[in-house]
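Welcome! Please take a look at the sequence and the 3D structure below, and then walk through the briefing that follows.

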Amino acid sequence: MDSESPQPLTARFPVGGGEIGRLIQTRDWSKTPLGPLDLWPQSLKTATNMLLLSPVPIVLLWGEDGVMIYNDAYSVFAGSRHPDLLGSKVREGWSEIADFNDNVMKVGLSGKTLAYENQELTLLRHGSPAPAWMNLDYSPVLDESGKPAGVIAIVVETTKSVLAQRRLRESEERFRAFTTATTDIVYRMSADWKEMQQLDGRNVLADTANPTVAWQEAYLFPEDIPAIQAVIDEAIASKGVFECEHRVRRADGNTGWVLSRAVPVLNDGGAIVEWFGAATDITERRRKQQQLELIVHELNHRVKNNLAMVQAFAYRTFRDAEDIPRALDSFTARLVSLGRANDLLTGELWSSASLKQTLDQATVPHRPDGERWKLTGDDIRVSAKTALALTMAFHELGTNAVRHGAWSNDGGAVSVKCSLQIIDDGTQRYRIDWDEHGGPRVEQPKRKGFGTVLIQRGLAAETGGSVDISFAETGFSFRLDAPADRLRNE
Amino acid sequence: MAKRVLVVEDEMTIAMMIEDMLMDLGHEVVATAARLPTALEVAGDGNLDFVILDVNLAGHQSFPVAAVLQQRGIPFAFATGYGPAGIDPAFAGRPVLDQAVHNCRSCRCHRN
C-alpha cells in the first residue's frame, strides 16, 4: 500500500449507522461472498454508508446473489428475520418471494429501475403467511468500472394505510348498499343547511343530483318554512339530531308528508362538515290519521245529535201525555226506530242508504204477518239525513196504522208506491204514496199528535217537498213529493 | 215578558222541540228556518227579539246570519253539537247552547 495514500477508510467504516453500523463493524465478513470488510470495494462502502445514514428503510442487494446490507429503519420491516437477514442472500432471506426478487436482481443488474406502489406480497410473519403491501423503488448501484454491481431498494411498508383504505372502501360500499336497500329518501345538506348537496327522492320527491340553494322552494311550502327553519337552527346550534314531520311537494305534484331526520357529520375539531339525512314518506299515515280525527269529530256530533233527538222525542211524547204507560210505549218505540236507522246508516258508513230499504226497515216492527205490505217502484240512494227523517216519519205512519188504520184489524193492507219522475224543466222529483185500504172506517182525529206533526211538518221541511195527508173514510193516505236531488244530497 | 223568537235549526225534530219549549215559556216563535237562505231572509227583516241559531245548516255554517243579527243589534245564542271551539272568533263571547241537551230556560240569562 502506498505510504502517500490517505489513511485507509476501513479504520472508520462504517461511520455511524446505529445498531446495524455496529453489527457491520463487528461481524466477520470473510466467510461471506462480500469478503473481509477492509477489502470491500469503495462503491460498496459508499452505498452502505449512504443507506446507514438514511432514516428511510433501505436495503442494498449486492452482487449476483443480492447479499443484503440494510439500515435500522429496514430492520424494523424485517422483523424477526433480523439480525440473521443481514449478509444473507435475498432469494434465501426472503425465500417466500424468491421469484419476485429474482426479477428485481435481473432488472437491476441490467442497469434498469423498478417501481411498485402498494405492491402486495405474502410474507411469513410470526410463523404464518400474511399479506403485506409496500412501495418499492429499485435502482442499480454501479461499481468502480461503471457496471451495475448491486441493486438498492427503498422499501416503505404501506400495509396499514392500504388496510385503512380498504376498510373505508368497504364502509362506503356498505353505506351505498344501505342507502340503496332503504326505501327512505336520502339527502345531504351543507353545514349551515343553506345548500342541499344531494337528494335521492325514491320517486316520492324529485331527485337533486347537484348542489342547490333553492331546495326549500323546490320541496317545501312557504308557510311551513319558518317552523322547519326553527328546528334546523336548533339542530345546528346543538349539533344534535334534526327531526321534523313536515309537508313536502311530491314528485307527482301532490302534497305529501315526510318524517325527516338528519345527523351532523363532525370533523376532528368538532365542527359540522355536513348533514346526512333520511326521510320517510308518511303521507298515507297522515291521511289516515286525519281521516280518523274527522270520523271521531263527526261521531261526537252524531252522538250529540242523537241525544238531542231523544230529548225531542221525550219532550214531545210526554208534554201532553194523559196516559203515561202508553206514552212510555210510544217513546220506547220511537227510540227503537231511531236505533234501527242508526244500524242501517252504520252499515253504509253514514254515507247514503237505499230509500226503499229505509222504508222497509222503518215499518218492520209494526207490520203484521201476511200479504199486508206492498212496497213497489223506483229506488234511489238518499243521504244519511234524509234516511233518518224518512225512518222517523214512516215509523209514525206504521204506528198510526197499527193503532187506528189498516193494520189495526185482520184484513187491512198498506201499499207504498215509489216513483222517480222527470218534470218539464228537466229536474227530477221523487214521490212516495202510502195508501191504506181494508181497514176500519177512518175518522178525522180530534187533535194532531206529535206523530202527525213529525210526518207533516218535519218531513216537508227536511225534504223541501210537500206532504199531503188525507183521512178518507175508506183509508188513510199520505203523499210526499220532493226534489230528488235534495233527497240524495242533504 | 213574551219575546218574539226566530228558531234556526235544520233538524226538524229538534226545531219542533225548541218551539214547544219556547212556547211553554210563554214566548212567541215567529218563524223556524231550516236552511241558510230562509234564515238570512228572516234575520234581515223579521221583527225579532231573540234568535236561536244552529251553527250547521245542512252543511253550511250560519255565521252570515249571525253577522246580520249583530248588525241589527238583535240578541242571539248559538246552538251547536261541535262545542264553542267551532264558533267563528268574530262572535266570541256570544252564548253557546250545547246541542246535546237543550234547556231553553238558560237562554233567559243571555240577553245581549
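**Where the two chains meet**

Helix α9 (residues 283–319) of chain A packs against helix α1 (residues 12–24) of chain B at an angle of about 50°, and their axes are 9 Å apart. Keep in mind as you read that this is a predicted model.

- How do α9(A) and α1(B) lie relative to each other? Angles from 65 to 115 degrees count as roughly perpendicular and those under 35 as roughly parallel, and the angle here is about 50°, so the two helices are oblique to each other.
- The crossing of α9(A) and α1(B) is left-handed.
- On the chain A side, the residues of α9(A) that take part are A:Ala308, A:Met309, A:Gln311, A:Ala312, A:Tyr315, A:Arg316 and A:Arg319. They meet B:Thr13, B:Ile14, B:Met16, B:Met17 and B:Asp20 in α1(B).
- Sorted by class, the contact of α9(A) with α1(B) holds 7 nonpolar, 2 polar and 3 charged residues.
- Looking at the whole contact between the chains, chain A gives 19 residues and chain B gives 15 residues. The side of chain B that touches chain A divides into 9 nonpolar, 4 polar and 2 charged residues.

**The sheet from β6 to β10 in chain A**

- Strands of a sheet pair through backbone hydrogen bonds, either parallel or antiparallel.
- Here you can find an open sheet of 5 strands in the order β7-β6-β10-β9-β8 (chain A), and its pairing is antiparallel.
- Why do β7 and β8 (242–249) of chain A each have one side without a neighbour in the sheet? Both strands stand at the edges and have a single partner strand each, so one side is left without a neighbour. On average, neighbouring strands of this sheet are turned by 25° against each other, direction ignored.
- Strand β6 (residues 185–190) of chain A is joined by 4 bridges to strand β7 (residues 196–200) of chain A, and the two run antiparallel. One bridge pairs A:Met189 with A:Met196 in β7(A).
- The hairpin of β6(A) and β7(A) has 5 residues between the strands, and A:Trp193 in this hairpin takes a positive phi near 65°.
- Strands β9 (residues 255–266) and β10 (residues 272–281) of chain A also pair in the antiparallel sense, over 9 bridges. In β10(A), A:Trp275 is the bridge partner of A:Pro264.
- Helix α8 (residues 225–238) of chain A lies across β8 and β10 of chain A and runs at about 150° to β8(A).

**The sheet from β1 to β5 in chain A**

- Another open sheet of 5 strands has the order β2-β1-β5-β4-β3 (chain A), with antiparallel pairing. Its edge strands are β2 (67–70) and β3 of chain A, each of which pairs on one side only. From one strand to the next, the twist averages 35°.
- Within this sheet, β4 (residues 128–142) and β5 (residues 148–157) of chain A pair in the antiparallel sense over 9 bridges. A:Met134 stands opposite A:Glu157 in β5(A).
- Helix α5 (residues 98–109) of chain A lies across β1 (58–62), β3, β4 and β5 of chain A, running at about 130° to β5(A).

- Most residues other than glycine have a negative phi, and most peptide bonds are trans.
- The peptide bond from A:His82 to A:Pro83 is cis, with omega near 10°. A:Pro83 is found in the loop between α3 (72–78) and α4 (90–93) of chain A.
- A:Asn118 has a positive phi near 50° and is found in strand β3 (residues 114–125) of chain A.
- Is A:Asn118 buried or partly exposed? It has 14 other C-beta atoms within 10 Å, so it is partly exposed.
- A:Lys239 is not a glycine, yet its phi is positive, about 50°. This residue sits in the loop between α8 and β8 of chain A. A:Lys239 has 12 C-beta neighbours inside 10 Å and therefore counts as exposed.

- Chain B has 3 helices and 7 strands, and from the N terminus on its elements run β-α-β-α-β-β-β-α-β-β.
- Of its 112 residues, 40% count as buried.
- Among contacts in chain B between residues at least 6 apart in sequence, 58% join residues at least 24 apart.

Terms used: Residues are numbered from 1 along each chain as its sequence is written. Chains are lettered from A and ligands numbered from 1 in the order in which they are written. This is a predicted model: local features need pLDDT of at least 70, side-chain atom pairs count only at pLDDT 80 or more; totals for chains, interfaces and linings use all residues. Two strands pair if DSSP finds at least two bridges between them. Axes are lines fitted to C-alpha atoms, for helices over the stretch in contact, and angles run from 0 to 180 degrees between N-to-C directions. Two residues are in contact if their C-beta atoms, placed from the backbone, lie within 7 Å. Angles under 35 degrees count as roughly parallel, over 145 as roughly antiparallel, 65 to 115 as roughly perpendicular and the rest as oblique. A crossing is left-handed if the near helix is turned anticlockwise from the far one by less than a right angle, and right-handed if clockwise. Ala, Val, Leu, Ile, Met, Phe, Trp, Tyr, Cys and Pro count as nonpolar, Asp, Glu, Lys and Arg as charged, and the others, Gly among them, as polar. A residue is buried if 20 or more other C-beta atoms lie within 10 Å of its own, exposed if 12 or fewer, and partly exposed in between; C-beta atoms are placed from the backbone.
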